[in-house]
Amino acid sequence: MLRLAISLFLLALCSLTSFSSARSFITTKPLPIDSFLPKPKLENAGVCSYTVIIKTSCSSVSYTRDKISISFGDVYGNEVYVKRLDDPSSRTFEKCSSDTYKISGPCMRDVCYLYLLRQGSDGWKPENVKIYGSSIRSVTFYYNLFLPNSVWYGFNVCNGIGITKSSQPISTASSVAAM
């Protein structure tokens, strides 16, 4: 009987842990930032691997040939920057699809800001961006709007505003349910 009680307790504890690790950043909408410049790589930072899943909205253009850049980081100044995620020959960022990237960068605490940059004339409407890795809690940023051309656009919730815990368990699936 004691063994069964301990097993049930451990099962409940594991379930709670997997549900409390995912976070969503919800604000009225993502915002432009005029003076954003990606930071140079830190000299002595460890290297960690991150998975970034970008879901393109079903109301986006059928696909985009625009250049898409991403930058995300933590409150301590650690930042990952990728100048160009897109690949025009593979038709990335098609409407109603998800694109998954494995990105290496400095190890960081929890991600609290994310910016996307679109450069081109096609247009593009990301629905959400999910980031996870072994050293951070999973986080999802919800866009669901057409990005303006040549403007870094996104979220900075490093001050704690707009953070909510998600009730969804962490998953490695290539799509994330929309809110």
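**The nonpolar core and its links**

Mentor: Start with the largest nonpolar core, which has 28 residues; Ile 70, Phe 72, Val 129 and Ile 131 have the most contacts inside it. S3 gives the most, with four. (Strands are DSSP runs of E, at least two residues, and helices are runs of H or I, at least four, all numbered from the N terminus.)

Keep in mind that this is a predicted model: local features need pLDDT of at least 70 and side-chain atom pairs count only at pLDDT 80 or more, while totals for chains, interfaces and linings use all residues. Residues are numbered from 1 along each chain as its sequence is written, and side-chain values use heavy atoms, with hydrogens and water left out.

Leaving out residues up to four places away in sequence, Ile 70 touches Val 52, Val 80, Tyr 81, Val 82, Leu 85, Leu 114, Tyr 115, Leu 116, Val 129 and Trp 152. (Contact here means heavy atoms within 4.5 Å.) There is also a second, separate core of six residues, and it includes Phe 36, Tyr 113, Tyr 115 and Trp 152.

On to the links. A search of the whole structure turns up three disulfides. (The cut-off is a pair of cysteine sulfur atoms within 2.5 Å.) If the word is new to you, a disulfide is a covalent bond between the sulfur atoms of two cysteines.

Cys 48 lies in strand S3 and Cys 107 in the loop between S6 and S7, so the bond ties together parts 59 residues apart in sequence. Cys 48 counts as buried because its relative accessibility is 13%, whereas Cys 107, at 27%, is partly exposed.

Next, look at Cys 58, which is joined to Cys 96 with an S to S distance of 2.1 Å. This pair also links distant parts of the chain: Cys 58 is in the loop between S3 and S4, Cys 96 is in the loop between S5 and S6, and they are 38 residues apart. Both are partly exposed, Cys 58 at 44% and Cys 96 at 43%.

The remaining bond connects Cys 112 to Cys 158, S to S 2.0 Å. With 80° about the S-S bond, the Cys 112 and Cys 158 link is right-handed. Cys 112 belongs to the loop between S6 and S7 and Cys 158 to the loop between S10 and strand S11 (163-165), so parts 46 residues apart are tied together. Cys 112 is buried at 7%, while Cys 158 is partly exposed at 26%. Count the bonded cysteines along the chain and you get the pattern 1-4, 2-3, 5-6.

Charged side chains make links too. Side chains of opposite charge can pair when their charged atoms come close. The structure holds five salt bridges. (That means a side-chain nitrogen of Lys or Arg within 4 Å of a carboxyl oxygen of Asp or Glu.) One of them joins Asp 122 to Arg 65, with the closest N and O atoms 2.8 Å apart. Asp 122 is partly exposed at 22%, and Arg 65 is exposed at 52%.

Compare that with Arg 118 and Asp 66, whose closest N and O atoms are 2.6 Å apart. Arg 118 is in strand S7 and Asp 66 in the loop between S3 and S4, 52 residues apart. Here both partners are buried, Arg 118 at 6% and Asp 66 at 2%.

Technical notes:
A nonpolar core is a set of buried Ala, Val, Leu, Ile, Met, Phe, Trp, Tyr and Cys residues joined through side-chain atoms within 4.5 Å. Buried means under 20% relative accessible area, exposed over 50%, partly exposed in between (1.4 Å probe, protein chains only).
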